[in-house]
Amino acid sequence: MAEPKKLYIKTYGCQMNVYDSERMAEVMDGYVKTETPEDADMILLNTCHIREKAAEKVYSELGRFKNLKVEKPDLRIGVAGCVAQAEGEEIMRRQPMVDLVVGPQSYHRLPELEAKSRAGQKPVDIDFPEEDKFEKLKGRPKASRGPTAFLSVQEGCDKFCAFCVVPYTRGAEVSRPVQQIIREANDLVERGVREITLLGQNVNAYHGEGEGGTWSLAKLIWELDKVDGLERIRFTTSHPNDMSDDLIEAHGTCKKLMPYLHLPVQSGSDKILKRMNRSHTAEEYLKLIERIREARPDILMSGDFIVGFPEETEEDFQATMDLLEAVKYGYAYSFKYSTRPGTPAAEREQLSEDVKSERLSRLQEVITRHQREVQDDMVGRKVNVLFEKPGRLEGQMVGKSEYLHAVHVQADGVQAGDLREVEITESGPNSLRGQIA
Ligand code: SAM
Ligand code: SF4
């Protein structure tokens with residue numbers, strides 16, 4: 001039998017890209033994964049367009065592989081993901097050693113594209129094809145795997161927030177059919193998965209075809225709740241306007257749905273929310289959180305913030321700080337606004353870098369304090385931990401609580417995939433410590 005070829009994939013950006021990279025590796029028959037680009041017969045960069053100067057960073061990363069290609073002319077180099085989608089053929093023009101370019105909606109065609117490139121062509125496939133990518137991808141491989149997995153249920157976005165490239169790179173909102181998702185979830189559980197995180201750029205806008213018509217995300221979650229062996233369900237990322245009543249209710253009643261919710265708000269100022277095209281006010285967001293906390297009082301909230309958006313005054317920024325205090329997030333991700341070509345806000349007058357940096361550091365100070373307080377509050381409590389892997393110390397295992405905190409436990413005899421009740425004894429900078437209860 002021929003030696004399998006080696007595939008090196010570097011993944012940037014969000015969890016959807018992590019999922020896509022897994023699926024791309026799976027679709028490449030005859031390849032095994034390698035962690036070292038020097039060993040690879042094919043290098044694939046699965047890129048993200050959210051970062052500042054994303055395309056420039058990809059070009060410089062590609063430059064690093066130039067020598068490898070000189071030493072090994074058979075090496076195939078591919079660019080996938082959102083930068084591939086946005087730049088298309090420009091990538092080949094600027095880095096002629098790139099052999100193929102593939103967008104997030106057409107990576108099921110990767111084997112064909114690789115074959116074309118080996119035949120001397122330079123394929124660029126950034127179509128939004130009619131066919132269903134997920135139908136073309138095969139079932140998940142038979143090998144057993146770790147206890148947690150991502151599962152994409154929805155892609156694209158129709159919201160067009162003024163700062164965001166996603167609607168342009170990932171296209172319009174599309175939901176996968178219910179049965180396809182249930183099949184994939186069963187596949188994953190058979191391979192050892194105990195926790196599934198449902199993914200979508202706008203996951204709570206899910207509206208997939210199921211028995212009797214269109215299903216909501218809540219209905220899908222209740223169907224997954226019936227999957228034997230699946231212990232935990234999470235979902236990310238949600239938009240406040242799509243937090244429907246049945247989803248809020250599920251947080252109170254579905255035992256497998258974990259008490260953690262990522263619900264980005266971006267700003268606490270109504271003026272800025274309007275300029276961002278977020279179509280809700282700060283007060284509506286706070287009311288929503290109140291209702292979610294009524295349904296599930298211990299839920300841990302997480303969010304995203306952008307500071308220094310065009311026209312943000314000190315007063316607007318203060319409104320964001322007030323909102324932070326009102327919610328007290330267990331986790332929050334914060335960014336300085338930076339322009340994305342082709343988005344409406346990129347054309348507006350920009351604030352200075354100094355103002356953005358100064359606001360970001362004030363915001364992050366509060367976020368870090370809250371994060372730490374929420375984590376410290378866990379000390380003395382009993383949580384459920386799904387163990388994922390051995391820790392760095394002898395006999396130590398690491399897992400995640402239902403609130404997504406990393407928990408370290410000295411626990412002989414505990415295996416990856418075990419769910420145990422743990423009493424939290426200590427709170428460190430980024431994780432908790434505990435003992436089996
Ligand atoms: N769909 C999600 C939502 O509605 O919040 C997440 C989209 S985006 C992949 C993740 C985060 O990146 C956003 O919530 C936002 O905070 C940040 N982001 C997106 N575009 C940005 C930009 N131009 N400048 C700074 N941060 C940005
Ligand atoms: Fe981007 Fe999220 Fe807004 Fe869609 S809802 S445009 S993905 S920030």
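Reader: In which loop is Thr237 found?
Author: Thr237 is in the loop between strand 13 (232–236) and helix 11 (245–253); helices (H or I, at least four residues) and strands (E, at least two) are DSSP runs, numbered from the N terminus. A cis peptide bond joins Thr236 and Thr237, with omega about 5°. This is a predicted model: local features need pLDDT of at least 70, side-chain atom pairs count only at pLDDT 80 or more, and totals for chains, interfaces and linings use all residues. Residues are numbered from 1 along each chain as its sequence is written, chains are lettered from A and ligands numbered from 1 in the order in which they are written, and side-chain values use heavy atoms, with hydrogens and water left out.

Reader: Why does Gln266 count as buried?
Author: Buried means under 20% relative accessible area, exposed over 50%, and partly exposed in between (1.4 Å probe, protein chains only). Gln266 has 7% relative accessibility, so it counts as buried. Gln266 also has a positive phi of about 80° although it is not a glycine.

Reader: What makes Glu311 partly exposed?
Author: Its relative accessibility is 39%, so Glu311 counts as partly exposed. Glu311 lies in the loop between strand 15 (300–307) and helix 14 (314–327), and has a positive phi of about 75° although it is not a glycine.

Reader: And why is Ala2 called exposed?
Author: Its relative accessibility is 68%, so Ala2 counts as exposed. Ala2 is found in the segment before strand 1.

Reader: What makes the approach of Gln201 to ligand 1 a polar contact?
Author: A polar contact is a pair of N or O atoms within 3.5 Å; within protein, one must be able to donate a hydrogen and the other to accept it, and residues adjacent in sequence count only if both atoms are side-chain atoms. A polar backbone atom of Gln201 is 2.6 Å from a nitrogen atom of ligand 1, so the pair qualifies. A polar side-chain atom of Asp304 lies 2.6 Å from an oxygen atom of ligand 1.

Reader: Why do strand 2 and strand 6 count as edges of the sheet?
Author: The open sheet has six strands in the order 2-1-3-4-5-6, with parallel pairing (two strands pair if DSSP finds at least two bridges between them). Strand 2 (31–33) and strand 6 (124–125) each have a single partner strand, so one side of each is left without a neighbour in the sheet.
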